[in-house]
Amino acid sequence: MTKLTSLTIKEALDGLKKKEFTATELTEAHIKASEAAQHLNCYITETYDHARAQAKESDARYAKGEAKLLDGVPIAMKDLYCTEGIRTTAGSKILENFKPPYESTVSGNMFSDGAIMLGKANLDEFAMGSSNTTSAYGNVINPWQRKGDNKPLVPGGSSGGSAAAVAARIAMGATGTDTGGSIRQPAAFCGITGIKPTYGRCSRFGIIAFASSLDQAGPFARTVEDCALLLQSMAGYDPKDSTSVNRPVPEYFKSIGQSVKGLKVGVPKEYRVDGANPEITKLWDKGVDMMKAAGAEIVDVSLPHTKYALQTYYVIAPAECSSNLARYDGVRFGLRIDGKDLNDTYEATREAGFGKEVKRRILIGTYVLSAGYYDAYYNKARRVRKLIWQDFINAYEKCDVLLTPTAPTPAFAIGENEQDPVTMYLNDIFTVPASMAGMPGISLPVGLSADGLPLGLQLLGRPFDEETVFKAAGALEKAADFTHLPQSLQAKAA
Amino acid sequence: MVIGLEVHAQILTKSKLFSGASASFGAAPNTQVSPIDAGFPGMLPVINKLCIEKAVRTGLGLNAKINLYSVFERKNYFYPDLPQGYQISQYQHPIVGEGEIEIDLPDGSTKIIGIERLHVEQDAGKSLHDQHPSKSYVDLNRSGNPLMEIVSKPHMNSAEEAAAYVTKLRAIVRYLDTCDGNMDEGSMRCDVNVSVRKPGDKLGTRCEIKNVNSVRFVQQAIEYEARRQIEVIEGGGTIKQETRLFDTKNGTTRAMRSKEDAHDYRYFPDPDLLPLKLEQSFVDDIKKTLPELPDAKKKRFIDMGLSSYDASVLVAEKERAAFYEKVANNNDAKMAANWVTTELAGALNKAGKSLDESPVSAEQLSGLLKLIADDTISGKIAKDVFAAMFASGKDAAAIVEEKGLKQVTDTGAIEKIVDEVLAENPDKIAEYKSGKDKLFGFFVGQTLKKSGGKANPAIVNDLLKKKLSA
């Protein structure tokens, strides 16, 4: 491991400003690290030449003293973000050769701020999955391993490539999207930090849709402060997305380091599920103690409809996905398998282009929206969703943030939890409620499991109050002082 | 016969409903398509505010309830000219609710037709089946164009009523400037629902005839379809609920798909668009800018002294009404109406020209009428002047001057001519005086003729009466 790849974004920006190294050197170090970590399969498409060109421009800006917020910082871009002229697959075979003629607003924002793109990060197909095993481009391998066991583990999902790249020190930060936990859960599995901001905080324009009312962009990094820097660049109103919200973007990094004295941290009793992993429960208690020690006030709260969140999610998200994915018909772009007539072409194209999980969700979604089942499923789910949202609003009358575990288990081995989809879906049990309610949430590593895997806790906040979330996360990060490295990096460091 | 119509009217805007691409007609295939209209990954719709404004404007013009809360939903189905795999439309919460319009029937009577709703939706692209022997082409220029779907209540009972309804609706949207109403360019299309029943029976099963694109075809399609249904029932059969196509070549309808094959559209609120919430002030501001609509204008014209028939003819087209009002300005309303609906319309018709191609402008025609009113020329001479104006495009006054057609109102000069005529016809005077009253006309005619048609007929009458009774 070279020194440059172990820097935080903040440190790198300071170093670049002080001319200790150039953006080109920083980028080359990460390209070299990426090449050495190819077996992790973090990228679907590597864009090293593109990165080198961007680094050159960045160096020119530093030379002229015109550096921007993220100038020279090499990042991984989840391959769900459309990047102009650069292949964008959504992890699906159906978009194997798709080069968008447009740039997503969020990636565009980051490039305007000088960020450098190393590659398009692997993900679950169309962001549908919790283990990155549904990608048509092979699963990503988590850089962490269990103590004394070299079984490859999943990085979580759907933003698995992004999380693994940041954890493996081959990118300083990454973009993800979170629909039901797709940023927070892989952040927890890979021992890094990831935030899903409030729904509407980042533009969805140019991000390939899975479930439009839930999808939200957010960053991964190795520190809370780095996440704040990235989010500041990503966030903002976009007239091209009718669901993005027109309110100013604060300087999030200023919240970090602020005292949490008197901050009310809610602990929702419904998250103490029967048969919970005791290690997770222990970590949660530890987190509560840390916040208390930092001066926060702990409040018991109730989110009574939590138990319906997952079921509701698996009605709403597939319903929207079944409609969002109708456009992949082989007519205008992407894969096309010619059949004997139009319907045959549709069937052959979608049969060959979509993987098993995507097909399953399209089927579920089509079913819950169909005549005769609509009220029992889709309409009921929408009503329950409102109740879940109300739970949070009620809770935030008693507290400022909520503290919960991010995932019910540490990272599991590739192939585990594949026996039935419900076991896999249960991975999102703690992350889905905040997604359904559109609330912001951050996951950060707080400890290790007995077999040496990172465990994360989640802090949820009020709508558009990312600042308080960052403040609380900064305090928890400081208290947890998580400095562990994935085994592969430890070996190299030694 | 029970008829209800769904009219799709393209909203008159420069750009599409959810993208910035141009919505104009007639461009080369697939040249007016943004990635949003082509359903590309990651693309999102953004509502064109002007479309909403025009939909509200139309709703107000239909005397309908404006819903301050409306929702765009997705209507899901697969077809190559539907790039997203769904059409963004309004379903449970349309922007405009119930209203009504008055239609004018050929016999001069009127009838109120209820409007069920008006909602806003995007158009699909166009499949072209005649470009290649075995393949179909898709033109997405129309994809995403803004449409208003105006649904009537089943209040029409004859093909004439349906035709009158479409005609009236078209006039209203044109007055409002919310749709150009060009049916041949597809900016107004009708789906016609027809059922038949015996008087007093409950409603029969209906068939829907899709995409009928002229008033004449609407009438033909209804006549054929009603006859077909009656024949089926009288032959002991039953009507199946189905969607039918109108064949413009032979004026018949044929089955397209039955109810069993009907799509399950799986409507649900489009998560890319928030519910549309309007302020009452937004609606009120639009209300303030509404023009006078055909019915109000017709009533005003009748109050001005026009016949109901003339008033209907004049208001049927916004441009014709405007033309007429310019002609009638400071002129006799009735005379102006006659000139516009008879002389001008006849000349235009003969020349194969439309009103906006008229060689005689409204101001020029008004000028002609003023010359009649102030006795510069007689009504008879005016017709000749008009013919010259139509041929040359010159002003009436110039032609009158040029050709020396100015009416003689100088009593002395006319008296001279009268005296001449009387002197030339002593025998006729004798006959007249012996009781042949009809000869009075002869003297008038002779006098006018001698004056070259320029003598003021009223003065001629007066003088002759005086002299013949002396």
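User: Let's start at a helix end: which residue follows α13(B), and is its phi positive or negative?

Analyst: That's B:G435, with a positive phi near 120 degrees. Helices here are DSSP runs of H or I with at least four residues, strands are E runs of at least two, and both are numbered from the N terminus. Before we go on, keep in mind that this is a predicted model: local features need pLDDT of at least 70, side-chain atom pairs count only at pLDDT 80 or more, and totals for chains, interfaces and linings use all residues. As for labels, residues are numbered from 1 along each chain as its sequence is written, while chains are lettered from A and ligands numbered from 1 in the order in which they are written.

User: Is helix α13 of chain B buried or in the open?

Analyst: Burial is a neighbour count: a residue is buried with 20 or more other C-beta atoms within 10 Å of its own, exposed with 12 or fewer, and partly exposed in between, the C-beta atoms being placed from the backbone. In α13(B), residues 426-433, zero of the eight residues are buried, so the helix lies largely in the open.

User: And what about strand β4 of chain A, enclosed or open?

Analyst: Six of the six residues in β4(A), 173-178, are buried, so the rest of the structure largely encloses this strand. Look at both faces: A:G173, A:T175 and A:T177 point one way, A:A174, A:G176 and A:D178 point the other way, and all are buried.

User: Which strands pair with β4(A)?

Analyst: Pairing asks for at least two DSSP bridges between two strands. β4(A) has a parallel pairing with β2(A), residues 74-78, over two bridges; there, A:G173 is the bridge partner of A:I75. With β6(A), residues 216-221, the pairing is antiparallel and has six bridges, and A:A174 partners A:F220.

User: What is the strand order of the whole sheet in chain A?

Analyst: It's an open sheet of 11 strands with mixed pairing, in the order β1-β3-β2-β4-β6-β5-β10-β11-β9-β7-β8. At the edges stand β1 (43-46) and β8 (297-301), each with a single partner strand, so each has one side without a neighbour in the sheet. Neighbouring strands are turned by 30 degrees against each other on average, direction ignored. Further along, β5(A) (193-196) and β10(A) (441-448) run antiparallel and share three bridges, with A:G194 opposite A:S443.

User: Which helix lies across β1, β2 and β3 of chain A?

Analyst: For angles, axes are lines fitted to C-alpha atoms, for helices over the stretch in contact, and values run from 0 to 180 degrees between N-to-C directions. The helix is α3(A), residues 48-63, running at about 160 degrees to β3(A) (116-121).

User: How many domains does the assignment give chain B, and where are they?

Analyst: Domain bounds come from an automatic or database domain assignment. In chain B these are domain 1 (2-285), domain 2 (292-403) and domain 3 (411-469). The C-alpha centres of domains 1 and 2 lie 37 Å apart. Residues count as in contact when their C-beta atoms, placed from the backbone, lie within 7 Å; this contact takes nine residues from domain 1 and nine from domain 2. On the domain 1 side, α2(B) gives the most, with five residues.

User: Finally, how many residues does each of chains A and B put into their contact?

Analyst: Chain A puts in 35 residues and chain B 24. On chain A's side, α9 (309-324), α10 (342-353) and α11 (356-369) each supply at least two residues, and α9(A) gives the most, with three. As for make-up, Ala, Val, Leu, Ile, Met, Phe, Trp, Tyr, Cys and Pro count as nonpolar, Asp, Glu, Lys and Arg as charged, and the others, Gly among them, as polar. Chain A's side divides into 19 nonpolar, nine polar and seven charged residues.

Definitions and conventions. Two residues are in contact if their C-beta atoms, placed from the backbone, lie within 7 Å.
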